[in-house]
Amino acid sequence: TFHGILPVKMPLLHLGAILNSTLTAFFFEVLARAGLGGGAARLLKSDIVTFPVIDAGILSDAQRHKLQAVFNSLSNRHMRGIVEELGFPLCNRRRCTDAEHPYEQVNPKDLTLDRVRRASPDRFELDSVIFDVLGLTDAERLQVYQAVAELVKTRLVRARSIQR
């Protein structure tokens, strides 16, 4: 299901950047409706209306410029799934019998900020703008990344176990 979003209080580019942050992925994992088969999750129109979004108006001019530059970089490259964006390789062995395939290598406790930075420098910079606005410490930023990895892995592995 696709829904159009028309930003009222901020430029479309800023909204696009904010919606592509890992914090938004976290909110999606927590608020989305799952159980749609195959691990899919979605938001209904009523969910989108109340979905938490950072107001770009609270960003400084420097933060807005950085957000735009980083989002341009992010939008001009191949996007990967969020667990790969965070630096976890997915198993690509044919006929892998691990119950968590292809997510068996995803251990959120192994995640570090440096790992995310190396895997997706542009995503890390985009997230840094959002995290700076919120005043998150490095430990809290890491907790967001770990929570997203755990939530995504749990949702997708659970869906695979039901299909078997």
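User: Hi! Among contacts between residues at least 6 apart in sequence, what share joins residues at least 24 apart?
Analyst: Hello! In this predicted model, 70% of those contacts in the chain link residues at least 24 apart.

User: Nice. How many helices and strands are there in the chain?
Analyst: The chain has 8 helices and 0 strands. Going along the sequence, the pattern reads α-α-α-α-α-α-α-α.

User: And what is the radius of gyration of the chain?
Analyst: The radius of gyration is 17 Å, close to the 15 Å that the globule rule gives for 164 residues, so the chain is as compact as a globular protein of that length.

User: What box do the C-alpha atoms fill?
Analyst: Taken along the principal axes, the box is roughly 50 × 35 × 30 Å.

User: Let's look inside. Which residues of helix H1 are buried?
Analyst: Helix H1 covers residues 12–19, and its buried residues are His-14, Leu-15, Gly-16, Ala-17 and Ile-18.

User: Which helices do those buried residues of H1 pack against?
Analyst: Their partners are helix H2 (22–31), helix H4 (61–75) and helix H7 (121–134).

User: What percentage of the chain's residues is buried overall?
Analyst: Buried residues account for 38% of the 164 residues.

User: Last one, charges! How many positive and negative side chains are there?
Analyst: There are 22 positive and 18 negative side chains in the chain. The centres of the two sets lie 7 Å apart.

Notes. Residues numbered from 1 in each chain as written. Predicted model: local features only at pLDDT ≥ 70, side-chain atom pairs only at ≥ 80, totals over all residues. Heavy atoms only, no water. Helix = DSSP H or I, 4+ residues; strand = E, 2+ residues; numbered from the N terminus. Rg over C-alpha atoms; globule rule 2.2 N^0.38 Å. Buried < 20%, exposed > 50% of the residue type's maximum accessible area, 1.4 Å probe, protein only. Contact = heavy atoms within 4.5 Å. Lys, Arg positive; Asp, Glu negative; His and termini not counted. Charge placed at Lys NZ, Arg CZ, Asp CG, Glu CD.
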